[in-house]
Amino acid sequence: VKQNGTQVTVIKGVDKAGGKPWTVGPGEITGDDLAIDMSSRGLTEGEVAKYERNIVGFGAVCDGIRFSNRMLWTKMAPFAGTYVDPNFPMGTREIKVNGDKATVKGKNEDKGKNWTAKGKCNGNEIYVDFSLAAKFEDQSAKWDPKIGEKGGLRFKDGTIWMKAKDPDPIPDPPVATGEGAAGATKQAAAVEDLGEQFEGCYSDNSRPEAQRMVSVEGNKVKVTGIDDLNGPQWQTDGSVVTADTMLVDMRARGGAKDDLATFEPSVPGVRFADGTLWNKVPPDFEGTYEDPKFVGAYRIVTMEPDGKHLHVRGKDTADGQEWTARAKIDGNNVRVDFDEKIAEKLGHKDGMASYWNDGSLRFLSGPIWKKVKDGKGNDWVPVSGDVVSDGYAALEEGKSRKPGDKGQRGGGDGMSDGYDPKKDGTKGGKWDGSGRDGGG
């Protein structure tokens, strides 16, 4: 953010390492308010952002800018850059920052051995783990703007690193060519979808029957959920902050207005600040469904060879005529191309539906198809949150499980992996061949 008096001359940014640079501006400052055109970032042309002080960001108290959709930019000390360490005048020190994580590289002599250490930024403080790098003690350092001309780091043991050079500035966005003003406008309006990995269906380890569906458009988040299989549906919204974090308004569910959620690829899932974990469940479209609106009806969904489309066929009465349709897959969503007369009869205005991990296809127009058989003709057992998140894996016959074995997705009865759920899954039982999908 570049400022000149009461005007922000320009804001430059990238949304991820190596991503395309973008710019917005200029904007006018009035007190703690910044009026700026953010339409190219998925917000409004007359956006008014507020400067806030003493807010919590990355675990530290710092200042930041909050936008109308609750997107928050937290101000961090300018750790990134190259430094001079007076104790090693012929050496080098360089810090690169990504969110709250830092990589510190250096060498102690001109021809010395290069070393690398990891760090964590916390507001105006950085902690560096030197244990595997430079044989220094692990210690924290505070940013001191009074060191040298560019500021520097003051370590706990008194060591000072003086900043010599800032990192290279964010480059200007490439100019659209070949399309004139129309091309430039189109390019400016294209918002990189940071939150792609958040999209999908989740179980909730705090509520065994809960379902959560997350959709992202630009940096805007919409969460739809139910807390039990027959419970009412609720919705809330939020915003993507970085590629791995989002803020969600969870007040109606007992949480905070800006509940910080972090995506953990190793799960995969989303973990909230209070420890609640939403486990991501991949869609399993194939199977046989019932439509409660039509007694005796069936809908059979199979995957086409290209893996991008579904073949849908169904009957609305036991002796009715079978119809067919084709659907295109988009993550957890599908668009079914119904015949016009069939769509009118079934009540599917646009054919848009989302797959939920209770085995249902929920159409935007209202109807819900309930899965009763999986793609192999077996009875469908919904994935429940207590199974997905229990941290155990099914093992061979007669062998106890142990904490830390990561659980596979599986049935909610806790029996399919051959262990007795009444004994907390610690006593080996008979292997029945379906332990891969087991729970307990």
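## Aromatic pairs

The model holds 14 aromatic pairs, counted where the centres of Phe, Tyr or Trp rings (the six-membered ring for Trp) lie within 6.5 Å. Planes under 30 degrees apart count as stacked, over 60 as edge-to-face and the rest as tilted.

This is a predicted model, in which local features need pLDDT of at least 70 and side-chain atom pairs count only at pLDDT 80 or more, while totals for chains, interfaces and linings use all residues. Residues are numbered from 1 along each chain as its sequence is written, and side-chain values use heavy atoms, with hydrogens and water left out.

## Phe198 and Phe263

Phe198 and Phe263 make an edge-to-face pair, at 5.7 Å centre to centre with 85° between the planes. Phe198 lies in the loop between α1 (180-189) and β17 (200-204) and Phe263 in strand β22 (residues 259-264), so the pair ties together parts 65 residues apart in sequence. Helices (H or I, at least four residues) and strands (E, at least two) are DSSP runs, numbered from the N terminus.

Phe198 is buried, at 0% relative accessibility, and Phe263 is buried at 7%. Buried means under 20% relative accessible area, exposed over 50% and partly exposed in between (1.4 Å probe, protein chains only).

## Phe338, Phe363 and a cluster

Phe338 and Phe363 form a tilted pair, 6.2 Å centre to centre and 45° between the planes. Both are buried. Ring pairs also join Phe338 and Phe363 with Tyr289, Trp323 and Trp369 in a cluster.
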